Amino acid sequence: MSTADVIVIGGGIAGISAAAELATSARVVVLEAEDQLGYHTSGRSMAMFILNYGNATLRALNAVAQPVFLEPEGISDRSLLSPRGELMLATEDELDALEKELGQSTGLERVTAAEAARMVPILRPEPIAAAYYEATAQDIDVDRMLQGYTRLLRARGGDIRTKARVVNMARAGGIWQVETPTGPVSAPVVINAAGAWADHVAGLAGAAPCGVTPMRRSVAVIPPPEGHEIDKWPLFGSVSETWYAKSESGRLLVSPADEDPVEAHDAWADDMVLAEGLHRYEQAVTVPVTRVERSWAGLRSFAPDRTPVVGFDAETEGFFWLAGQGGYGVQTAPALSKLTAALVIGHPPAIDPKTIAALSPARFNSNQKG
Ligand SMILES: Cc1cc2nc3c(=O)[nH]c(=O)nc-3n(C[C@H](O)[C@H](O)[C@H](O)COP(=O)(O)OP(=O)(O)OC[C@H]3O[C@@H](n4cnc5c(N)ncnc54)[C@H](O)[C@@H]3O)c2cc1C
């Protein structure tokens, strides 16, 4: 039987970054079901950092995370971000959504259809009623980030076990005993960083679910439009998130921005969903899609209020939630990992109390009681 101070269930960006932060003052073991880290959602994202993305709680987390991305001390020797920009387009019908976004955000620049088409020359100006550009939106080097946190965790004495799916958990005498095919591990605290499987893992611990629902999001990889230098194009899409596109390694990634609730599984893209999304993309551009080179899908997992669930379970002792990061889990990981370490170790968190309260799993317990 191995023992630790903290067991982290899940080796995605959430689990690995939290484990690395905790390992300064605790003996940490990460248990990952797959044979590699980041195999599920963390390896399938669009890799963007967007300061103005998500609700007020998420924006508070984005702001805390930004300096870590820029100076990722111990994680990498240089910034994890690189310039991209984000161009959001509105048709006449989407003008209200555009105004709302402009009203609640900072640093957005309103641009005309002609200006938008200069930034991304395949855009058809006619359907664009207005647009905005967010210059501070950046690419995240997710591989370097995950590898950096993994190295940091190991350097701090942390233990990572792959092919170690947690199949059972029991608590006795203030200690969790966690069963995996690679053997049991025990610790007083378990962190649930199981992504799409968060509610399932809560069930293993006998904790009530928080309603964390996996939602599929797909991506099609298409050849670059001929005659265009696409590398420097901003991410571009509809302001009401019905499709978006981004260049990567000389190809265009187009997402239908789907959000279909599904069971937790090894996700793949649905052909019909891709076709419908590519059709919406084609309405906005002058170059038709001739070929899809490959596609993938990942599961963005949301709590009912679309805010992450972070904190100790109110009723199940020693069970900590780090789940429901939705479409923001990479960009909020530096903030949520530090918060997790502070709450587990009992240090004062560097995040304001209002944000911490908004993240607390207790909000669902009180809902159930009320
Ligand atoms: C198409 C797409 C685009 C996205 N774009 C962005 C973006 O631009 N910016 C951004 O910040 N976010 C983005 N996201 C969201 C982001 O990828 C996620 O929020 C983030 O990766 C979640 O990380 P995680 O560690 O919680 O989940 P995961 O990476 O899924 O990790 C959870 C891990 O838990 C493991 N696990 C589950 N059950 C068990 C068990 N019983 N025992 C052991 N291990 C278990 C799983 O195998 C998995 O590896 C995007 C997502 C998608 C799909």
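Which side chain does Ser-218 join in a polar contact, and at what distance? I looked this up before anything else. The side chains of Ser-218 and Asp-258 are joined by a polar contact of 2.5 Å. I note that this is a predicted model.

**Entry: Ser-218**

I placed the serine in its element. Ser-218 belongs to strand 15. Is Ser-218 buried or exposed? I find a relative accessibility of 0%, so Ser-218 counts as buried. Strand 15 (213-222) also supplies at least two residues of the shell around the ligand. That took me to the ligand.

**Entry: the ligand shell**

I listed the residues around the ligand. There are 37 of them, and Glu-32, Ser-42, Met-48, Gly-326 and Gln-331 come nearest. By class I get 17 nonpolar, 14 polar and six charged residues in this shell. Helix 1 (13-22) and strand 20 (294-302), like strand 15, each supply at least two shell residues.

Next I checked backbone atoms against the oxygen atoms of the ligand. Met-48 has a backbone N or O atom 2.8 Å from a ligand oxygen. For Gly-329, a backbone N or O atom lies 3.0 Å from an oxygen atom of the ligand. For Ala-14, a polar backbone atom is 3.1 Å from a ligand oxygen. How much of the ligand's accessible area does the protein cover? On its own the ligand has 1000 Å² of accessible area, and the protein covers 97% of that.

**Entry: the sheet with strand 4**

I traced an open sheet of three strands, in the order 4-9-5, with antiparallel pairing. I counted two bridges between strand 4 and strand 9 (residues 138-140), which run antiparallel. Which residue of strand 9 is the bridge partner of Phe-49? I find Gln-138 there.

I then followed two hairpins that share strand 17. Strand 16 (residues 235-238) pairs with strand 17 in the antiparallel sense over two bridges. Phe-236 is opposite Ala-245 of strand 17. The hairpin of strands 16 and 17 has five residues between the strands, and Glu-241 in the turn has a positive phi of about 50 degrees.

Strand 17 and strand 18 (residues 251-255) are antiparallel and pair over five bridges. Ala-245 stands opposite Val-254 in strand 18. Here two residues lie between the strands, and Ser-249 takes a positive phi near 50 degrees.

Why is strand 17 described as largely enclosed by the rest of the structure? Strand 17 (residues 244-248) has five residues and four of them are buried, so the rest of the structure largely encloses this strand.

**Entry: aromatic rings**

Phe-236 came up again when I checked the rings. Trp-233, Phe-236, Trp-243 and Tyr-281 make up one aromatic cluster. I count nine aromatic pairs, taking ring centres within 6.5 Å as the cut-off. One of them is Phe-319 with Trp-321, at 5.8 Å centre to centre. The planes of Phe-319 and Trp-321 are 85 degrees apart, so the pair is edge-to-face, which requires an angle over 60. I also checked burial for this pair: Phe-319 and Trp-321 are both buried.

Methods
Residues numbered from 1 in each chain as written. Predicted model: local features only at pLDDT ≥ 70, side-chain atom pairs only at ≥ 80, totals over all residues. Heavy atoms only, no water. Near = heavy atom within 4 Å. Polar contact = N/O pair within 3.5 Å; in protein donor to acceptor, adjacent residues only side chain to side chain. Areas by Shrake-Rupley, 256 points an atom, 1.4 Å probe, with all protein chains shown as cover. Helix = DSSP H or I, 4+ residues; strand = E, 2+ residues; numbered from the N terminus. Nonpolar A, V, L, I, M, F, W, Y, C, P; charged D, E, K, R; others polar. Pairing = 2+ DSSP bridges. Phe/Tyr/Trp six-rings, centres within 6.5 Å; stacked < 30°, edge-to-face > 60°. Buried < 20%, exposed > 50% of the residue type's maximum accessible area, 1.4 Å probe, protein only.
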